[in-house]
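Please have a look at the structure on the screen. I will go through it in a few steps, starting with how the chains meet.

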Amino acid sequence: MRVPWSDPRLIFPLVAGAIALGLVVHVKPPITPQEPVVAVYNYIQQLPKGSVVLLAVDFDPQALAELRPIAEAVLRHCLRQELHVVGMTFGVLGAPLGYDIFRKVTSEPEFRGKQVGVDYVYLGFKPGDMTQIITNMGENLLTAFPQDYQNRPTATMPLFQQVKSLKDVKYIIDLAAGGTPDTWIPFGSDKYKIPLAVGCTAVMGPDLYVRLNAHQINGLIAGLRGAADYETLLGTPGLGIGGMFAQSLIHLLIVAFVIASNVAFLWRGRRRKQRG
Amino acid sequence: MRFIRLTIPLILAFLFGVFGFGIQYVPSPWASNTKEFIALWIRVIGGVAMVLGTYSLAHLHTTKIRRKQEGWGYSIFFFLGFAMMVVTGVYNGGQWFWNAQVEHSVYDRLYDAFYVSAGATMFSLLGFYIASAAVRTFRARSLEATLLLLAALILMVGRVPIGKAISDYFPTVSEWLMQVPNVAAKRAIMLGVTLGTVATSLRIMFGLERSYLGGGD
């Protein structure tokens with residue numbers, strides 16, 4: 001009997017089953033953090049207390065599964081290091097997600113003492129051309145964002161007595177599900193000499209290795225695996241580590257399918273040759 | 001007529017091209033104020049474009065419903081969804097739209113229950129299609145295809161934690177594949193695209209590329 005290795009009717013149920021199994025069965029595979037993720041962790045680790053970090057939550061619900069764990073882990077790390085975090089987004093549909101991430105992390109018992117406008121602020125979404133807004137932020141952050149996501153005036157916030165423009169920011173982390181790093185690099189990072197790290201979906205990872213290799217970004221957290229690496233470094237397991245067994249199972253399943261379909265393909269070719 | 005249809009647009013393209021390029025490199029308050037002014041206008045124009053886009057979308061679906069075109073029933077859901085989000089967004093939990101978004105309002109709940117769930121589901125479906133596409137694509141049909149197949153297999157095993165548990169070589173080789181062949185290929189593509197963009201921009205600025213004007217001359 002010919003096994004339909006490439007038939008979606010066989011592949012889809014097995015993929016669904018493997019994901020379900022991986023998420024239900026709590027197995028923690030050993031995780032060795034990758035170098036580009038360690039670079040981000042180490043950079044945040046060495047920043048002096050009170051430094052301002054800009055967290056750009058540039059993703060929408062489509063990339064939630066991969067980028068939310070990264071956002072939460074990075075935000076936790078920054079707050080734990082007593083850094084001041086300014087959050088914002090260029091994605092209108094992702095603006096509530098960013099707010100939700102800030103709300104969730106800052107309400108954890110560990111960060112109860114952190115105050116909005118003092119230790120962190122979420123500015124939300126700003127409409128318009130990204131290049132122009134970043135340029136505007138480089139000149140004056142308060143005119144670019146006169147209010148935060150909750151319509152509170154930023155001019156009276158103690159945090160903005162310390163940070164007047166992008167030039168006062170010590171690190172930019174762009175959590176991207178699209179082309180935003182390509183604009184952050186020339187107009188935010190290069191122009192004002194601010195180191196930039198990127199958190200992105202797994203499919204964007206290979207593209208951003210070029211930026212990493214050229215030192216245009218100093219670290220990269222790609223996909224759920226990147227989140228798991230960061231959570232491992234942080235010692236706070238979350239959705240990243242939780243998804244690693246499922247991801248491992250799926251990858252192994254696909255590899256098994258690819259090998260099986262190739263064996264069948266070569267076998268058929270050989271039989272055809274033998275028949276002449 | 002030729003002066004209005006051809007010469008003036010070419011002069012404008014040249015002037016605005018030089019202006020847009022130069023303004024990024026002039027370190028003066030005038031330049032930064034101009035940039036802020038332009039940013040403001042882009043937002044205004046964006047707002048107008050959004051109105052036009054909404055009108056166009058509504059017109060498309062109205063026509064579909066009126067002519068009972070195939071799948072016209074789905075167009076009703078466009079209007080339902082649109083009305084639901086606009087009304088709840090404007091009402092904003094009783095605070096109206098000019099105030100900050102009210103937490104846990106109907107709008108908030110609709111966003112979480114519909115948009116977030118639907119968006120995440122659509123993206124998750126990709127996982128299934130990628131699995132199916134990988135099985136059909138990675139076939140050892142030629143030397144090049146076999147190399148691609150091997151690289152894919154190593155990467156798929158090397159990028160997940162279980163890869164290291166199988167062998168230390170998997171993460172090492174997969175990292176090499178990402179850092180060397182991947183970067184080389186991507187860089188070549190990026191350089192090609194960027195040089196092409198610069199060349200096209202210069203051709204437009206100097207009037208050598210005129211296809212944007214329409215017409216033959």
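The contact takes 47 residues from chain A and 44 residues from chain B, where two residues are in contact if their C-beta atoms, placed from the backbone, lie within 7 Å. This is a predicted model: local features need pLDDT of at least 70, side-chain atom pairs count only at pLDDT 80 or more, and totals for chains, interfaces and linings use all residues. Residues are numbered from 1 along each chain as its sequence is written, while chains are lettered from A and ligands numbered from 1 in the order in which they are written.

On the chain A side that touches chain B, at least two residues each come from α1 (8–24), α3, α5 (130–139), α9 (205–213) and α12 (244–275). Helices here are DSSP runs (H or I, at least four residues), numbered from the N terminus. The largest share, 13 residues, is supplied by α12(A). Sorted by class, this side of chain A has 26 nonpolar, 16 polar and 5 charged residues. Nonpolar means Ala, Val, Leu, Ile, Met, Phe, Trp, Tyr, Cys and Pro, charged means Asp, Glu, Lys and Arg, and the others, Gly among them, are polar.

Now to a pair of helices within chain A. How do the axes of α3 (residues 64–80) and α4 (residues 95–106) of chain A cross? They come within 10 Å and cross at roughly 45 degrees. α3(A) and α4(A) are therefore oblique to each other. The residues that meet include A:Leu64 and A:Leu75 in α3(A), and A:Ile101 and A:Phe102 in α4(A). By class, this contact has 7 nonpolar, no polar and 3 charged residues.

Note on methods. Axes fitted to C-alpha atoms, helices over the stretch in contact; angles between N-to-C directions. Parallel < 35°, antiparallel > 145°, perpendicular 65-115°, else oblique.
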